[in-house]
Amino acid sequence: MRWRRFLAIVVKELRQVARDRMTIALMAGIPALQLALFGYAINLDVRGLPAATADLADTIGSRTLLQDLHATGVIDARRPASTPAELAERMRNGEIAVGLVVPADFERRRSEGRPLLQVLVDGSDASVQQAAQLLARYPFETAPPSRIDVLPLYNPERRSAVNIVPALIGVILTLTMVLFTAVALVRERERGNLELLITTPVTRLELMAGKVLPYIGIGLLQTTIVLLLGIALFAVPVRGSLLDVYLAALLLIGANLSLGLMISTRAQTQFQAMQMTFFVFLPSILLSGFMFPFAGMPVLAQWLAEVLPMTHFVRLIRGVMLRGAGLGEMGADVAALLGFTLVMMTLATLRFKKRLD
């Protein structure tokens, strides 16, 4: 081994890396992003869960108990409900995560030592269920933990697979759909085929749409595989419409494919496309509510998460499969995915035209 030749190769490789601005940016950006996410955004101490109350007693004692619960900071009070059924309906469509029911005979129960409060919990999110259990253990003067009943809805057995499998569809679709489309156009450019395609009568929009259309079928096939295995192996329920499940998946597929196209207009090589895909995939996993509680994140991290398609998909798929809600009841998340797809597809088409003129 000749050290001079060896050092020449090392210097050559360092110079090549230094000329690649994208690689330099990702080398510094990925560690910084991980540090910021794990050190700042990821917080297992859940706060501010959307909650509503149904105070059927409306006495000084019941109001004091509810005030004590709100003072913990674990729940964020929303518009009160008139009946427990209204609380359950609002929880089903995702408006609230916790419902507090005070029985009409609150004062008599207090004198007899019977349960004073029922806490309805959205069990489709394991972090919400855990936070509600901790909330019920607070040593309130008006109601000790032994007199607070917690009723987890949608996943009373607290099985992890029930929470994980629906959202896992989003994880798989986010990784594969973004990566496939990000690499597809770059591969055509590296092989010299893209310029040949542009010389044909095919318009740029037709070319880009035609490149991504086959991946829609692949995404739906992946969704079917996860659903079948989830039902067969883990008995994951599908309480809502199966059509809504596939429509929600289709919304995420469209958003991820458009994002992949946007990446492909920026990446110069397939390796760069994979690097940029990972740069998007990491925040999607950590901030969407798939692994860590969304309510425990700082406001800035929640704003960033609202931009990511997977955040809205996790809400939709858990709402449909576990709570039996319809897509029409979660219109804000549907609109967010449609808007993201439209914006990304428009930007990708415009940038694609600019780069190849």
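**Exercise 1.** At what angle do α7 and α10 pack, and how far apart are their axes?

*Solution.* This is a predicted model, in which local features need pLDDT of at least 70, side-chain atom pairs count only at pLDDT 80 or more, and totals for chains, interfaces and linings use all residues. Residues are numbered from 1 along each chain as its sequence is written, and side-chain values use heavy atoms, with hydrogens and water left out.

Step 1. Take the helices as DSSP runs (H or I, at least four residues; strands are E, at least two), numbered from the N terminus.

Step 2. The angle between α7 and α10 is about 35°, and their axes are 8 Å apart.

Step 3. List contacts (heavy atoms within 4.5 Å). On the α7 side they include G170, L173, T174 and M177, and on the α10 side A249, L252, I253 and N256. By class, this contact has 13 nonpolar, 6 polar and 1 charged residues.

**Exercise 2.** How is α10 oriented relative to α13?

*Solution.* Step 1. Helix α10 spans residues 242–264 and helix α13 residues 309–321; they pack at about 175°, with axes 9 Å apart.

Step 1. That angle makes α10 roughly antiparallel to α13 (angles over 145 degrees count as such).

Step 2. Among the residues that meet are D244, V245 and A248 of α10 and P309, M310 and F313 of α13.

**Exercise 3.** Which residues have the most contacts inside the largest nonpolar core?

*Solution.* Step 1. Such a core is a set of buried Ala, Val, Leu, Ile, Met, Phe, Trp, Tyr and Cys residues joined through side-chain atoms within 4.5 Å. Buried means under 20% relative accessible area (1.4 Å probe, protein chains only).

Step 1. The largest core has 46 residues, and L173, F313, L316, M321 and L327 have the most contacts inside it. The largest share, 12 residues, comes from α7.

Step 2. Leaving out residues up to four places away in sequence, F313 touches P166, I169, G170, A248, A249, L252 and L337.

Step 3. A second, separate core has 27 residues, including A51, L116, L117 and A136.

**Exercise 4.** Is T53 buried or exposed?

*Solution.* Step 1. T53 is found in strand β1, residues 49–55.

Step 1. T53 counts as buried because its relative accessibility is 12%.

Step 2. Apart from neighbours within four places in sequence, T53 is in contact with L66, H70, P80, A81, L87 and L100.

Notes. Axes fitted to C-alpha atoms, helices over the stretch in contact; angles between N-to-C directions. Parallel < 35°, antiparallel > 145°, perpendicular 65-115°, else oblique. Buried < 20%, exposed > 50% of the residue type's maximum accessible area, 1.4 Å probe, protein only. Nonpolar A, V, L, I, M, F, W, Y, C, P; charged D, E, K, R; others polar.
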